Structure formats: C-alpha cells, structure tokens
Amino acid sequence: MDRSKQAALIADPDEYFRIALEMILQDHVGFSVVHHATSLDEAYDHLTRQPEIALSVFELNLPGVSDATSLTAVRDCFPNVQVAVVSTSARRHDILTTLDAGVHGYVPKTASPAELTAALKLIVDGIIYVPPSITSTSSLVLEEPVLNAKPAKGAAPPDTLTPRQREVLGLLLKGKSNKAIARTLNVGVGTVKVHISSVFRALGVNTRAAAAVAGTQMSNDWYSGA
C-alpha cells in the first residue's frame, strides 16, 4: 500500500520517543507526514482535523487516558484509522485489556527498533499484533480483531470517568449542545463527540437522554455518599 499520501499520529508525552518513532514511521513504514500530540484531547483534535491520518499510535499513560475505554472511542469515531498502543507498560493485564478494547496491536517500549518496526507494518496492513510476552495463551498475530468487551448496564462508578469526561457529562446534563460544550472547554466539536462516545460507553447507554438520566443518578449518589 502506498502510504506517501497518508499521515500518522503519535500521541505520547515523551518528546524524545516521538522523534524516534517519527523516524521509524517515515523511513521504514512509509508515512510522509507524522503529527504529534501530548494529550488525549490533542490527539482527538488531530484525528478530527486531519482525515488523512491512517495510523494513530498511543502511549497508554497519555494524559487524559484513564483506561482502554478512551481508545475504544477512537475506534468508534474514526473507524478508518488503525489504532496501536506503544507503551511503557508491559503488564499482561494492560495488554489484554487494551486489545479487548479493539486496538489493532500492542507493543511494549522494551521492544527493539526492529521489532517495533515489524509490528507497526503488520498493524497498518490490518493485522492484529500481540506481543510475544503473552503468546503462552495467544498467537503472535491474530487474523481477526479481538472482540470489544460490552459495558455493564447501569451507571458507572464515578472513578471510571476521567475529569474531562465528567466535565462533558456535566455540561450535557445542563442541556448544552456539542458546539456549546466545545466552546466552554475550548476544544473541537469532534473532540467533544469522542468524549461523549466515551461517556456513553462508560455509562452503558446509547443516547443523550439516557446519559442524562444515568448522570443525574450518579450525581445524586455522589451527594448522598452512596
């Protein structure tokens, strides 16, 4: 596949790692343009404004990412983008949970440059990459995407929402439109849509009305100390 007209996105707080990964993506994977983001909001903004992005690479410890739900929202809102995680965490639980969220591959930062390059090439070709560290129960490469876990029904506990998601939910409870929420938080409308998708998934709902009901119940629980 000719990637010279496509772009990639690196979402990682480590500037030195972003620079090194950009070289790999340009020199060995074939991307002509690589965008950088240092937070989840910045990543959402790039994905919304740059439709040519074909691959997004996330650090699991990126500011704004509380759990794999954030990456599921990226998959839901940007279905044409391959989503990969290259993270400092090599914990089995983190790897399996992230893959279960629907990302296309997980590469620990302990991987060699050659291993990282090979993994990214597989991911951009649409193949799910699983690191060798967990091959005792999984194949190195899976031919089919890992199924997303279904959210539990009912309101989510407060600590399952990030501070930004709580802000979005609070404004949604006030009846604010996506544009109004974007103006209030000084982010793009596309970013707001992704956050709302994350909130819906965390609450186990599909509509703004249902989210409002669940959010109101959560607020009552917070105040009552439940």
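Which residues of helix α6 (residues 163–173) are buried? They are Q165, V168, L169, L171 and L172. Viewed down the axis of α6, these buried residues fall within an arc of 165°, so they line one face of the helix. Buried means under 20% relative accessible area, exposed means over 50%, and partly exposed covers the range in between, with a 1.4 Å probe and protein chains only. The arc is taken from the directions that run from the helix axis to the C-beta atoms. After α6 comes G175, which has a positive phi, near 85°.

This is a predicted model, in which local features need pLDDT of at least 70 and side-chain atom pairs count only at pLDDT 80 or more, while totals for chains, interfaces and linings use all residues. Residues are numbered from 1 along each chain as its sequence is written, and side-chain values use heavy atoms, with hydrogens and water left out.

**Overall composition**

The protein contains nine helices and seven strands. Helices (H or I, at least four residues) and strands (E, at least two) are DSSP runs, numbered from the N terminus. Of the 226 residues in the protein, 46% are buried. The accessible surface comes to about 11,100 Å², and carbon and sulfur atoms hold 54% of this area; the areas come from the Shrake-Rupley method with a 1.4 Å probe, and for residues only the protein chains shown count as cover. Among contacts (heavy atoms within 4.5 Å) with a separation of 6 or more, 65% link residues 24 or more positions apart.

In strand β3 (residues 53–58), six of six residues are buried. Strands pair if DSSP finds at least two bridges between them. β3 pairs with strand β1 (residues 7–11) in the parallel sense over five bridges, and four bridges join β3 to strand β4 (residues 82–87), also running parallel. L55 in β3 stands opposite A8, and L55 also stands opposite Q82 in β4.

Strand β2 (residues 33–37) contains H35. H35 is buried, with a relative accessible area of 15%. Leaving aside residues up to four places away in sequence, H35 touches A7, A8, L9, I10, H46, Q50, E52 and I53.

**Helix α2**

The buried residues of helix α2 (residues 40–49) are L40, D41, A43, Y44 and L47. These residues cover an arc of only 160° around the axis, which puts them on the same side of α2. An α-helix has 3.6 residues a turn, so residues three or four places apart point the same way. The cover over the buried residues of α2 includes β1, β2, β3, α3 (69–77), α6 and α8 (189–203).

At 57% relative accessibility, A114 counts as exposed, whereas A118, at 41%, counts as partly exposed. The table gives C-alpha separations for these two residues.

| Pair | Sequence separation | C-alpha distance |
|---|---|---|
| A114 and I24 | 90 residues | 9.5 Å |
| A118 and Y129 | 11 residues | 9.7 Å |

The charged end of K109 sits over the ring of F17, 4.1 Å from the ring centre. This description requires NZ of Lys or CZ of Arg to be within 6 Å of the ring centre and within 35 degrees of the ring normal.
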